[in-house]
Amino acid sequence: MGFWKKAEVELDYYGLSRKELSAKSGVPMTTINRAMERDSQPFALDALRVAKALHVSLEYLLDLPETKADGKKTDADESHQIEMYKKYHAIIETLERLPQTKQKGTLEIIKSLAELCK
């Protein structure tokens, strides 16, 4: 998935428009529209501004391995974990609203179901 496709996923997730992205990032709306239509690689400064506006790493949007400050690669599953959270965040929030005793029981049921499906 290209930079602008991932940016669109993030826009959908946050419920933002391209116009709002333009305002938050300082990247002209025409640039964003044209780049999204073509799914072209952005200029470095535009890419950095968009990543910051969307609160994601530049590496994620560019589909590069993410690195720690010391230069070592982070967990290869990090982007997968982000996608999983996005997919299941409503369930997690619902579970968090349950009383503690109900949470434990619900988690036990989920674990039991997972074991049965193996």
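The mean pLDDT of the chain is 84, and 87% of its residues reach 70 or more; pLDDT is the predictor's confidence in each residue, from 0 to 100. This is a predicted model, in which local features need pLDDT of at least 70, side-chain atom pairs count only at pLDDT 80 or more, and totals for chains, interfaces and linings use all residues. Residues are numbered from 1 along each chain as its sequence is written, and side-chain values use heavy atoms, with hydrogens and water left out.

Helices (H or I, at least four residues) are DSSP runs, numbered from the N terminus.

Helix 3 spans residues 29–38, and its residues Ile32, Ala35 and Met36 are buried (under 20% relative accessible area, with a 1.4 Å probe and protein chains only). These three lie on the same side of helix 3 because they cover an arc of only 100° around the axis, taken from the directions from the helix axis to the C-beta atoms. Thr30, Glu37 and Arg38, on the other side, are exposed (over 50%). The buried residues of helix 3 pack against helix 1 (3–14) and helix 2 (18–25). Just after helix 3, Asp39 has a positive phi of about 50°.

Gly26 occupies the loop between helix 2 and helix 3. With a relative accessible area of 47%, Gly26 is partly exposed, that is, between the two cut-offs of 20% and 50%. Leaving aside residues up to four places away in sequence, Gly26 touches Leu21 and Arg49 (heavy atoms within 4.5 Å). The C-alpha atoms of Gly26 and Val50 are 8.4 Å apart, with 24 residues separating them along the chain.

How values were computed: Helices (H or I, at least four residues) and strands (E, at least two) are DSSP runs, numbered from the N terminus.
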